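This briefing goes through the structure shown below, beginning with a single residue and widening from there to the strands, the chain as a whole and the confidence of the model. The points are grouped by topic, so that they can be followed with the coordinates open.

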Amino acid sequence: MVKKELEQRLEDEFPFMRRGKSINEQKDEKDFIYSLYDAFGCDVGDGWFEVLRGLCRDITEAYRRAGLPVDIVVDQVKEKYGGLCFYYHHDNNVSNIYTFDLPSNGQSIEVKQKVFELHKEIEEIVNKWEEMSGNVCEDCGATGKLREDLNWVLTLCDLCYEKLLRKLERNLS
């Protein structure tokens, strides 16, 4: 799991990465966990911090170029089959705005197509960084590769992989 201070850096730099109610607050309120991201945060190793930071930077830049506020709500950030999974949805506030009428000159500005294209670009950005995570060691951030010979599929560099193998051997003896 990403260290608290690294997660805080993401939250400080990218407001859409701020977490809400903790697991206990959610259970107290509704007796179940309704937001995995709020409850567990970035459930990946520290080595993917720069991958996440790059993903968030590219998302923010795409919204800036489009002249729209970031409408991403993060649902879950985790490792699955050795790769980053960044689950999100778009807040409906921006997506439901289709046309602005300008009273000064009577023109209308169509936003629907712009928002659709932006959301498609965000999907491509997320896919690019998820794919890129398959070449980055989840533990240390060095160049890594998919390790499928363990009980769990992980992306690790040679050094972290050897370290994990030694640890597993010690636990078995």
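Asp 158 is found in helix H7, which spans residues 158-172. The model is a predicted one, and the protein averages a pLDDT of 88, with 87% of the residues scoring at least 70.

**Surroundings of Asp 158**

- Leaving aside residues up to four places away in sequence, Asp 158 touches Lys 145 and Arg 147.
- Asp 158 and Cys 137 are 21 residues apart along the chain, and their C-alpha atoms are separated by 8.9 Å.

**The sheet of E1, E2 and E3**

- Three strands form an open sheet in the order E1-E2-E3, and the pairing within this sheet is mixed.
- E1 and E3 are the edge strands, each of them pairing on one side only.
- Helix H4 packs on this sheet and touches E1, E2 and E3, while the direction of H4 makes about 30° with that of E3.
- The parallel part of the sheet consists of strand E1 (residues 42-43) and strand E2 (residues 72-80), which are joined by two bridges.
- Within that pairing, Asp 43 has Lys 78 of E2 as its bridge partner.
- The antiparallel part brings E2 together with strand E3 (residues 83-90) over eight bridges.
- Two of the residue pairs can be located directly in the coordinates: Gln 76 stands opposite Tyr 87 in E3, and Ile 72 has His 90 of E3 as its bridge partner.
- Is E3 largely enclosed or left open by the rest of the structure? Six of the eight residues of E3 are buried, so this strand is largely enclosed by the rest of the structure.

**Two loop residues with positive phi**

- E2 and E3 form a hairpin with two residues between them, and Tyr 81 in the turn has a positive phi of about 55°.
- Tyr 81, which is a residue other than glycine, counts as exposed because its relative accessibility is 63%, where the cut-off for exposed is over 50%.
- Asp 31 is likewise a residue other than glycine with a positive phi, here near 70°, and its place is in the loop between helix H2 (23-30) and helix H3 (36-40).
- With a relative accessibility of 69%, Asp 31 also counts as exposed.

**A buried loop residue**

- Val 44 is found in the loop between E1 and H4.
- Is Val 44 buried or exposed? Val 44 has a relative accessible area of 1%, and it is therefore buried, given that the cut-off for buried is under 20%.
- Val 44 and Val 77 are 33 residues apart in sequence, yet from C-alpha to C-alpha they are 7.2 Å apart in space.

**The protein as a whole**

- The protein has seven helices and seven strands, and from the N terminus on its elements run α-α-α-β-α-β-β-α-β-β-α-β-β-α.
- Of the 173 residues in the protein, 38% are buried.
- The accessible surface of the protein comes to about 10,700 Å², and 50% of this surface belongs to carbon and sulfur atoms.
- Among the contacts in the protein with a separation of 6 or more, 49% are accounted for by residues 24 or more positions apart.

**Where to read with caution**

- Over residues 94-99 the pLDDT stays under 50, and for this stretch the model has 16 contacts beyond four places in sequence.
- Where pLDDT is low, the predicted coordinates should not be read in detail.

Conventions. Residues are numbered from 1 along each chain as its sequence is written. This is a predicted model: local features need pLDDT of at least 70, side-chain atom pairs count only at pLDDT 80 or more; totals for chains, interfaces and linings use all residues. Side-chain values use heavy atoms; hydrogens and water are left out. pLDDT is the predictor's confidence in each residue, from 0 to 100. Contact means heavy atoms within 4.5 Å. Two strands pair if DSSP finds at least two bridges between them. Helices (H or I, at least four residues) and strands (E, at least two) are DSSP runs, numbered from the N terminus. Axes are lines fitted to C-alpha atoms, for helices over the stretch in contact, and angles run from 0 to 180 degrees between N-to-C directions. Buried means under 20% relative accessible area, exposed over 50%, partly exposed in between (1.4 Å probe, protein chains only). Accessible areas come from the Shrake-Rupley method with a 1.4 Å probe; for residues, only the protein chains shown count as cover.
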